[in-house]
Amino acid sequence: MSAPTRAAVRRARRPLDRRARGAMAVLVGVLLMSFLASLSIGDTVLSPIRVVQALFETQGGIHMVVVDWRLPRALAAVFFGAALALSGTVFQTITRNPLGSPDVIGLTTGAYTGALIVMTSGGGSGASVGIGAILGGFGTAALMALLVAGRGALGYRIVIVGIGVSAVLAALNAWMLLRARREVAISAAIWDAGSLNGVGWEQAAVPIVVVTVLMVVLFGARRGLWLIELGDDVGTSLGGRMGLMKAGLIALAVGLVGVVTAVIGPIAFVALAAPHLARLIVRNGPAHLVATAMTGATLLSLADIIGQNAVPKHALPAGVVTLVLGGVYLIFLVVQTARRRY
């Protein structure tokens with residue numbers, strides 16, 4: 001093994017330093033506080049102690065508010081935010097591009113296209129729309145794979161191709177909305193905003209289990225991400241089957257974003273920003289995945305809290321909040337990337 005390779009491996013395996021451990025502890029605290037706040041804040045404001053008491057009660061009005069109404073939404077924000085963040089870190093690692101997240105390269109738009117096809121064809125049940133969204137995400141990923149296959153420069157090429165595919169799909173989505181019945185168009189537009197409103201146990205339970213399984217599999221495959229981050233040459237020299245690992249990780253990432261989009265609609269910014277913010281805490285390796293998941297969970301949880309309470313008597317979808325924040329962050333990323341490149 002060459003000296004540069006050994007140095008890269010040592011950097012990847014370096015344990016967390018004191019600053020990183022402290023930052024991780026702070027992140028855990030912020031996530032717990034945001035989760036508790038999502039259970040406490042609403043039309044009926046509850047103290048944290050009362051919320052904890054309600055979790056152990058079996059009946060009563062406060063128990064219904066906390067356990068039946070707020071808890072599934074709060075858990076969905078945590079698990080779905082973590083899923084989006086991990087999906088983003090997979091794509092950014094594989095493309096080696098800071099803009100390589102599913103909302104930038106068109107996968108969320110493709111999932112929306114799949115859902116729209118189901119909605120406008122008359123099969124508008126929740127399960128069928130969800131399946132359509134997942135298939136739309138995988139179909140978009142397959143199309144992009146065909147367009148970029150064998151052409152080199154994967155990182156910037158996949159972003160450029162993804163933006164183009166996203167624009168075409170957005171035009172197709174607009175055309176379908178214009179041709180749809182009014183009630184279908186209104187329902188689709190609400191879903192496109194990306195909202196946790198109305199998410200209860202019936203909508204959240206199975207998707208939470210699915211994304212948990214996918215995240216566990218992704219953590220089990222973290223060595224593949226580590227090898228990809230080191231580069232194809234180094235990864236191959238360390239025994240990695242790079243093509244197979246990339247295909248499997250992409251499938252996991254598309255599955256994560258597809259399931260989340262199927263339930264709450266497209267959510268921007270989280271998959272893009274969470275991996276970058278996590279790298280401010282830890283550099284790479286399995287600890288980076290943990291930090292990324294917690295950062296994504298915190299971002300979506302806080303976005304939902306802000307959306308519910310920023311405008312009195314008017315709940316904003318979490319996707320609107322993340323889109324506003326994401327626009328500012330995307331401009332910052334583009335400027336920083338351009339400075340480093342030129």
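User: How many residues of helix α5 are buried, and which residue forms an aromatic pair with tyrosine 112?

Analyst: Before starting, please keep in mind that this is a predicted model, and that every value below is computed from it. Helix α5 covers residues 107-120, which makes 14 residues, and from its first C-alpha to its last it reaches 20 Å, close to the 20 Å expected at 1.5 Å a residue. Of those 14 residues, 12 are buried, and the helix is therefore described as mostly covered. Among the buried ones are Leu107, Thr108, Thr109, Gly110 and Ala111, and the list also includes Tyr112, Leu116, Val118 and Met119. Just after α5 comes glycine 122, which takes a positive phi of about 100 degrees.

The structure has 1 aromatic pair, and it is formed by tyrosine 112 and tryptophan 191, whose rings are stacked at 5.6 Å centre to centre, with 25 degrees between the planes. The word "stacked" applies because planes under 30 degrees apart are counted that way. This pair links distant parts of the chain, since tyrosine 112 sits in helix α5 while tryptophan 191 sits in helix α8 (residues 182-192), 79 residues apart. Tryptophan 191 is buried as well, with a relative accessible area of 12%.

Side chains of opposite charge can pair when their charged atoms come close. The structure holds 3 salt bridges, and one of them joins aspartate 304 to arginine 73, with the closest N and O atoms 2.8 Å apart. Here aspartate 304 belongs to helix α14 (residues 286-309) and arginine 73 to helix α4, 231 residues apart. Both aspartate 304 and arginine 73 are buried. In another salt bridge, glutamate 57 meets arginine 50 at 3.0 Å, N to O, and here glutamate 57 is partly exposed, with a relative accessible area of 27%, as is arginine 50, at 25%. Glutamate 183 and arginine 181 also meet in a salt bridge, at 3.0 Å, N to O, and glutamate 183 is partly exposed with a relative accessible area of 49%.

Helix α4, which covers residues 61-95, also holds threonine 93. This threonine 93 counts as buried because its relative accessibility is 9%, and, leaving aside neighbours within four places in sequence, threonine 93 is in contact with Leu225, Ile228, Glu229 and Arg279.

Val26, Val30, Met33, Leu302 and Ile306 make a nonpolar surface patch of about 420 Å², to which α2 (18-40) and α14 each supply at least two residues, and α2 gives the most, with 3 residues. Methionine 33 lies in helix α2 and counts as exposed because its relative accessibility is 56%. To return to your questions, 12 of the 14 residues of α5 are buried, and tyrosine 112 forms its aromatic pair with tryptophan 191.

Notes: Residues numbered from 1 in each chain as written. Predicted model: local features only at pLDDT ≥ 70, side-chain atom pairs only at ≥ 80, totals over all residues. Heavy atoms only, no water. Helix = DSSP H or I, 4+ residues; strand = E, 2+ residues; numbered from the N terminus. Buried < 20%, exposed > 50% of the residue type's maximum accessible area, 1.4 Å probe, protein only. Contact = heavy atoms within 4.5 Å. Expected span 1.5 Å × (residues − 1). Salt bridge = Lys/Arg side-chain N within 4 Å of Asp/Glu carboxyl O. Phe/Tyr/Trp six-rings, centres within 6.5 Å; stacked < 30°, edge-to-face > 60°. Patch = residues over 30% accessible without salt bridge, like charges linked within 9 Å, V, L, I, M, F, W, Y side chains within 5 Å. Areas by Shrake-Rupley, 256 points an atom, 1.4 Å probe, with all protein chains shown as cover.
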